[in-house]
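Visitor: Could you walk me through this model, one question at a time?

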Amino acid sequence: TPPSTWTLLRLWRFARPYNAQLLLGFLLTLAATAATLVPPYLTMPLMDEVLIPYQRGVPIDRDLVTLYLGGLLGAAMLAWVLSWARTWILALVSERIGADLRTTTYEHLLKLSLEYFGGKRTGDLMARIGSETDRICVFLSLHLLDFATDVLMIGMTAAILFSIDPGLALVTLLPLPFIAWMIHLVRDRLRHG
């Protein structure tokens, strides 16, 4: 049987000492995601108050354009800085979790009997421990972070869509359950294949 995804929850005991950094990383993820959602709110008035009137022959208000473009630049820079800080903190935490995991596994290996090592090659065991913990670190620092960011982005985008037009938001988000079901179906086939 393929391993369960719930096995990853056993890593929580290694993450517990880093709760403060994980909370800071989550807050930075929220802030970075919110900062990436600012441009649509600035683009709408830029279109309505500057570009559409310009097409009608109204001269461009340079101060207004400067304000909106400065806001777009500021939001992009803020999102970049927050994303960088989030990635740095969570990569640091994932490396520390990986180090704790390697140390715990190595200490467990030292407690095993000599019979166990008689049938196994020690170098292979050590290489496997290193490569598997590296894979866990990459998962924690990249893939899990991307997944959490994507979920937050979908949730915040849905909230923005509902605030603009609830009917259009429902139509836009209607395919999401079907997409989630298809991902689950393909994932199960890949795990067994």
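Here are some questions and answers about the structure.

Guide: This is a predicted model, where local features need pLDDT of at least 70, side-chain atom pairs count only at pLDDT 80 or more, and totals for chains, interfaces and linings use all residues. Residues are numbered from 1 along each chain as its sequence is written, and side-chain values use heavy atoms, with hydrogens and water left out.

Visitor: Is Thr 29 buried or exposed?

Guide: Happy to start there: Thr 29 lies in helix α2, helices being DSSP runs of H or I with at least four residues, numbered from the N terminus. Buried means under 20% relative accessible area, exposed over 50%, and partly exposed in between, with a 1.4 Å probe and protein chains only. Thr 29 has a relative accessible area of 4%, so the word for Thr 29 is buried.

Visitor: Which residues is Thr 29 in contact with, leaving aside its neighbours within four places in sequence?

Guide: Contact means heavy atoms within 4.5 Å. With neighbours within four places in sequence left aside, the partners of Thr 29 are Arg 86, Leu 90, Leu 145, Thr 149 and Leu 152.

Visitor: How are α2 and α3 oriented, roughly parallel or roughly antiparallel?

Guide: Axes are lines fitted to C-alpha atoms, for helices over the stretch in contact, and angles run from 0 to 180 degrees between N-to-C directions. Angles under 35 degrees count as roughly parallel, over 145 as roughly antiparallel, 65 to 115 as roughly perpendicular and the rest as oblique. The axes of α2 (residues 19-36) and α3 (residues 38-55) come within 4 Å and cross at roughly 20°. That makes α2, relative to α3, roughly parallel.

Visitor: Which residue forms a salt bridge with Asp 134?

Guide: A salt bridge is a side-chain nitrogen of Lys or Arg within 4 Å of a carboxyl oxygen of Asp or Glu. The closest N and O atoms of this pair are 3.4 Å apart, and the partner of Asp 134 is Arg 102. Asp 134 lies in helix α6 (residues 122-164) and its partner in helix α4, so the pair ties together parts 32 residues apart in sequence; again, that partner is Arg 102.

Visitor: And which residue forms a salt bridge with Arg 135?

Guide: Arg 135 is exposed, with a relative accessible area of 58%. The closest N and O atoms are 3.5 Å apart, and the partner of Arg 135 is Glu 132.

Conventions: Helix = DSSP H or I, 4+ residues; strand = E, 2+ residues; numbered from the N terminus.
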